[in-house]
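Please look through the sequence and the model shown here before reading further. The paragraphs below then lead from the whole chain to its individual parts.

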Amino acid sequence: MNIFYRRVWALGGLWATLTLFFIFMLLLLDISRHREQLQLESSVIYEYAYERALINEILINNFVALVENDQADLSAVRKYAAKMREHYPHISYFLLYRRVTAENISSFEEEMQSQGLEQFSIRLQKRGQAGIEVNSADQTFFYPIIFVEPLSSSTQPLLGLDGYSIAANRVAMMKASYYLDVFAAKAYPMESGEMGYRLFHTIDPSLYGDSEEGHLIASLVVKANTLLPPRPHVKDRLNIVLSDGAGNQLGIRHANQVASWMSKQLLPEIEDRKTIDRFGQSLEITITKQMFWSEVSWLTGFIVLAFSLAAFLLTYQNYSRRKDTQLEMEQLNDKLVYERDQLEQRVQERTWELVKANSDLRGQMKENRSLTQKIITIQEEERRNLARELHDEMGQSLTAIRTDAQLVKNTSAEDQQSVAFQAAESIDKIAQRIYGVTYGLMRALRPAALDDLGLADALNECVANSHLKTAGISFTHEFKGPLNELPERLNISCYRLLQEALNNCVKHSGATSVEIKVIRDMSPDRLLVFVRDDGCGFDLAADNEGFGIIGMRERVYGLGGSFNITSEPGQGTLVHASIPVRKS
């Protein structure tokens, strides 16, 4: 039972893990959905900011076009600037800067004072303001402000202020003069405390000829925070920050609703960034949103939890039933194990009996094969002795009979019709026939070439005496290797093997051609015998082996070799034997 409860606890832990996993996946889906919504919102905010930046570019281009149209009369320019400030409150000032060299400062100040600006004088930016102080002795030219809109008591002190001495303006003014395009200066804190930045655009230099004196640069002072949409146009839970390329904050729209401490600790804050690259500067808009618990799909989570709990209860009930069934199965299994053990014991006993019987049978087969080889050896020895006795005894007797018959013939040669001459001639012919029969028997019992000339010549004689040509069978033969150096047992076995194979070809195959190969392979040292015919073949599956095939196989096996016959009906027959050469 302890195991049962441990498994129940493990099942409960697995259920809790899976349930938390699915709830976590649902939370990730919610986060993904809110992230997509945030990307849509950030795209809208980006479009708004980009449109505002484009409007600023259009405004300064129109401002430049008006100035280029009539530089002498700036009243139309001021009307345009005033009208644009009414329509676009985010624009703080319209400014015009004029290039003045150091030697012409006095004459230029007198010129401006004569136009009604009695207090006009060129002044440098002071330390502590938006820039650094520049020593006039080191500066060869100046860009004082000669036009400002709106013109009031608070903006009139800007007239005469040198824009080039403001470090934040310097790079943008140089780029605008060189590229004749709109460039923005670095953002700076305005008098109101807000961050602002200036747009610069050079008036067409060709209007002034070759002289650089009097060149004008138009400028637009814009509140950076106005690039962002107003708070009512932004969803309540979005937090928007506008920053420059250096990471300095230029504007912000705080979220109207603040998330709880638990939401901040347990739920993520999603973020999206957009970049505006215009006027030679990079502005980054960062939109963040802290997720709220109210935005989580609780209903789906509760449904998943309910289904998961139901599945757990059903699983637990099913497991309890399986436990009861398992107890019954264990009891039945114990009984089956006992019966199986009894059966295995009986099988082992029977297997041991079979192994023993098989071992005895192998021993008997080995003994029979050894006996067969011994019988074959004795048989060959008897054949050799019989052939020798026929040669020695019968041959000598027949030779003596023929000699005596020849003497009788020679004695009665004068009367060839006499009984003695005819009898002697008949005796000679009969003796000659008996000698031929005896020689055939001796050759069948023991090929003389095997003892006198060696295996190679004996094999050639075997092929010549196999009646292949008489049966109309063409043949090719190849005897390769040092065949005359083989042991006696191997010589006679190879001869009998080839003799029996050729005999089967002549008597049973009906072949038209035979291929014969006897090769001694020295690595390793073995004797290979191949006999292939194109005859009728036979079915190896049928148990119709003759004594000839059995004899060939037993001879090869007795010498420790391998013997194979490959044949199919109508496909011819291949006899292949491989016999190791053992030095005796």
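Of the 584 residues in the protein chain, 38% count as buried. The model is a predicted one. Its chain contains 11 helices and 17 strands. The accessible surface comes to about 34500 Å², and 55% of that area belongs to carbon and sulfur atoms. Contacts within the chain can be sorted by how far apart the two residues stand in the sequence. Among the contacts with a separation of 6 or more, 66% are made by residues 24 or more positions apart.

Is L14 buried, exposed or partly exposed? With a relative accessible area of 48%, L14 is partly exposed.

Strand 7, at residues 195-202, gives the contrasting case of a covered element: seven of its eight residues are buried. Several strands are paired with strand 7. Strand 5, residues 183-184, runs antiparallel to strand 7 and is joined to it by two bridges. In this pairing, F183 has F200 of strand 7 as its bridge partner. Strand 6, residues 188-189, is likewise antiparallel to strand 7 and is joined to it by two bridges, with P189 opposite M195. Strand 6 and strand 7 form a hairpin with five residues between them. In the turn of this hairpin, G193 has a positive phi of about 95°. Strand 8, residues 216-223, pairs with strand 7 over seven bridges, again in the antiparallel sense. Here G196 has K223 of strand 8 as its bridge partner.

Strand 9, residues 238-244, pairs with strand 10 over four bridges in the antiparallel sense, and S243 stands opposite Q249 of strand 10.

Another open sheet has five strands in the order 13-14-15-17-16, and its pairing is mixed. Which strands stand at its edges? These are strand 13 (474-480) and strand 16 (562-567); each has a single partner strand, so one side of each is left without a neighbour in the sheet. From one strand to the next, the twist averages 10°. Strand 16 runs antiparallel to strand 17, residues 573-580, and six bridges join the two. Within this pair, F563 stands opposite A577 of strand 17.

Helix 9, residues 455-464, lies across strand 13 and strand 14 (513-522), running at about 175° to strand 13. Helix 11, residues 547-558, lies across strand 16 and strand 17, running at about 145° to strand 16.

Conventions:
Residues are numbered from 1 along each chain as its sequence is written. This is a predicted model: local features need pLDDT of at least 70, side-chain atom pairs count only at pLDDT 80 or more; totals for chains, interfaces and linings use all residues. Side-chain values use heavy atoms; hydrogens and water are left out. Buried means under 20% relative accessible area, exposed over 50%, partly exposed in between (1.4 Å probe, protein chains only). Two strands pair if DSSP finds at least two bridges between them. Axes are lines fitted to C-alpha atoms, for helices over the stretch in contact, and angles run from 0 to 180 degrees between N-to-C directions. Contact means heavy atoms within 4.5 Å. Accessible areas come from the Shrake-Rupley method with a 1.4 Å probe; for residues, only the protein chains shown count as cover.
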